[in-house]
There are 2 protein chains.
Amino acid sequence: MSIQPHILIYSRHPEEFQGWLRDHGCPGTLTSASTPEAAAAVSGDIDVILCGRVPADVLECAPRLRWVQSMNAGIEDLLVSAAGRPDVVLTRIVDLFGGPIAEYVFAELLARVRELERLRAMQARREWEHFICDTLAGKTLGVAGLGSIGREIVRKGRAFDMKVYGLSRSGDHAGYMDRHFVSDAWVDFVRDLDVLVLTLPLTPETDGVVDAVVLGALPSRALVVNVGRGRLIDEDALIRVLLQGKIAGAVLDVFAQEPPPADSPFWTLPGVTVTPHVSGPSTVDGVGRFFLENLKRFLQGDELVGMIDRQRGY
Amino acid sequence: MSIQPHILIYSRHPEEFQGWLRDHGCPGTLTSASTPEAAAAVSGDIDVILCGRVPADVLECAPRLRWVQSMNAGIEDLLVSAAGRPDVVLTRIVDLFGGPIAEYVFAELLARVRELERLRAMQARREWEHFICDTLAGKTLGVAGLGSIGREIVRKGRAFDMKVYGLSRSGDHAGYMDRHFVSDAWVDFVRDLDVLVLTLPLTPETDGVVDAVVLGALPSRALVVNVGRGRLIDEDALIRVLLQGKIAGAVLDVFAQEPPPADSPFWTLPGVTVTPHVSGPSTVDGVGRFFLENLKRFLQGDELVGMIDRQRGY
């Protein structure tokens with residue numbers, strides 16, 4: 001590997017990233033592209049790609065390519081694009097989105113328990129009437145997926161004196177939860193939850209895992225929060241339990257189809273909050289720093305951070 | 001002291017408290033009153049009073065009275081009412097409101113940085129447009145008053161990876177802050193704050209302590225959150241700096257006059273949130289448990305929790 005790698009930045013707005021990396025002393029040659037055609041024109045020399053969503057073509061026409069760094073934490077699409085390049089190392093962002101995503105989750109939870117909409121309406125009417133709000137403290141929070149994002153939500157749940165349950169495949173960090181469940185114990189996991197937060201990666205095992213059975217096992221007071229991937233949930237089953245009042249509501253930042261179609265019931269169902277995939281933003285600064293650190297490791301032959309296990313799917 | 005004390009519950013709705021205490025095995029004789037006249041009729045026998053706001057008359061016509069437990073954390077009014085009874089022990093609620101008040105503070109902070117109103121408006125228009133929110137992480141939180149309420153706000157600020165400054169008279173717990181300031185260092189304390197939260201008791205020293213000078217020293221990005229007492233702030237000065245855009249906004253749960261008059265600028269000033277003193281609710285259950293524990297100590301001759309130092313003012 002040359003100490004002056006050829007790096008392609010492939011995204012919708014690659015110039016921002018290129019400017020940031022140049023200003024922060026990124027070694028090597030930086031090239032930008034936002035279309036497969038533009039990428040094809042430079043691909044012969046490319047050693048490294050930093051990218052958002054990327055078509056398979058871009059990876060397949062780059063014979064020297066050795067490493068792809070995704071700008072995202074969820075990379076189910078990259079696994080498909082890179083299927084024809086098993087020789088290429090893939091990495092994703094880790095330890096960057098946990099803070100912002102946990103802030104999103106607790107902003108939405110606190111807005112509900114502390115009745116902010118009611119308070120705003122009272123202020124608009126210049127109305128002063130004391131009432132007693134609910135509290136997060138004492139409620140039971142279930143976090144499905146205990147990677148860096150899930151663990152940050154657990155940490156903040158602890159600070160709010162919630163009871164915290166976790167579900168994950170590996171059982172790592174299980175000791176940090178009040179109770180830990182493995183991936184085939186979904187019904188037991190959700191049975192007592194006030195809040196279910198999904199942070200799982202989308203893999204063949206997790207596709208549609210929150211189905212009618214799991215949703216049916218939730219208490220009627222429960223709120224479902226999805227900051228993972230839309231397809232983790234059987235959306236039709238979710239709409240049914242919401243319509244039937246079998247759960248209290250849902251906060252959805254991700255959808256099987258984004259944006260959800262204009263006639264999707266989610267936009268208007270009572271108790272449902274829809275946000276445009278804003279919970280964990282890939283900021284230029286955050287992604288830039290992560291990539292630069294990983295690039296140093298790459299050039300020194302050290303193990304990269306955020307290595308994707310293609311078999312496992314994340 | 002008889003092991004069967006005569007207890008008067010004096011508040012606007014004393015029956016709820018009386019019912020709770022009876023159901024939870026409170027020893028002694030329980031009497032309720034919500035007017036001075038009703039209290040006078042029973043006051044000859046009373047050993048203990050559990051009360052919200054209470055007139056001086058009620059305390060002065062009870063010759064056997066030895067202890068008054070307030071239902072509140074802030075007790076500047078009780079100090080006035082009890083001035084003629086220096087022989088009576090006064091206690092206030094401590095360690096009960098920290099959790100709810102900190103939830104209130106972080107609900108309001110997160111709603112602002114995560115732009116919940118913008119997101120709700122987008123959902124109403126079925127609009128899907130990605131944008132990058134600000135984060136609490138990295139911002140500087142200043143907490144004035146480091147009693148059980150202030151410390152709970154500090155704890156949650158830490159969980160959100162904020163830099164935390166504290167101001168207090170005693171300097172206790174100073175080591176838990178990134179920086180600690182004593183009570184005469186207000187200007188230095190506020191100079192770099194993104195958020196100033198007031199949890200101080202109202203005493204002669206703190207009356208109007210957040211004045212034009214302190215407000216003028218805040219950065220223009222700063223938000224002032226008052227969950228202590230309205231009179232901690234010079235409200236006219238606050239209105240001026242808000243009108244001049246010298247600070248970003250205010251979240252006010254307490255006011256010098258409650259409710260604020262209908263023509264108060266606070267109701268409509270941009271950047272100002274008004275709530276009807278809901279941050280730290282005196283719930284029947286919370287107050288009941290606190291009183292019952294303290295009553296046990298009282299009957300055993302042990303030191304009470306939440307002892308008020310009349311000289312200090314809290």
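Modeller: B:Asp23 has a relative accessibility of 60% and so counts as exposed, where exposed means over 50% relative accessible area, buried under 20% and partly exposed in between (1.4 Å probe, protein chains only). This is a predicted model, in which local features need pLDDT of at least 70, side-chain atom pairs count only at pLDDT 80 or more, and totals for chains, interfaces and linings use all residues. Residues are numbered from 1 along each chain as its sequence is written, chains are lettered from A and ligands numbered from 1 in the order in which they are written, and side-chain values use heavy atoms, with hydrogens and water left out.

Colleague: Which residue meets B:Asp23 in a salt bridge?

Modeller: A salt bridge is a side-chain nitrogen of Lys or Arg within 4 Å of a carboxyl oxygen of Asp or Glu. Here the N to O distance is 4.0 Å. The partner counts as exposed at 54% relative accessibility; it is B:Arg22.

Colleague: Is A:Lys139 buried or exposed?

Modeller: A:Lys139 forms a salt bridge with A:Asp134, with the closest N and O atoms 2.9 Å apart. A:Asp134 is partly exposed at 38%. The relative accessible area of A:Lys139 is 18%, so this residue is buried.
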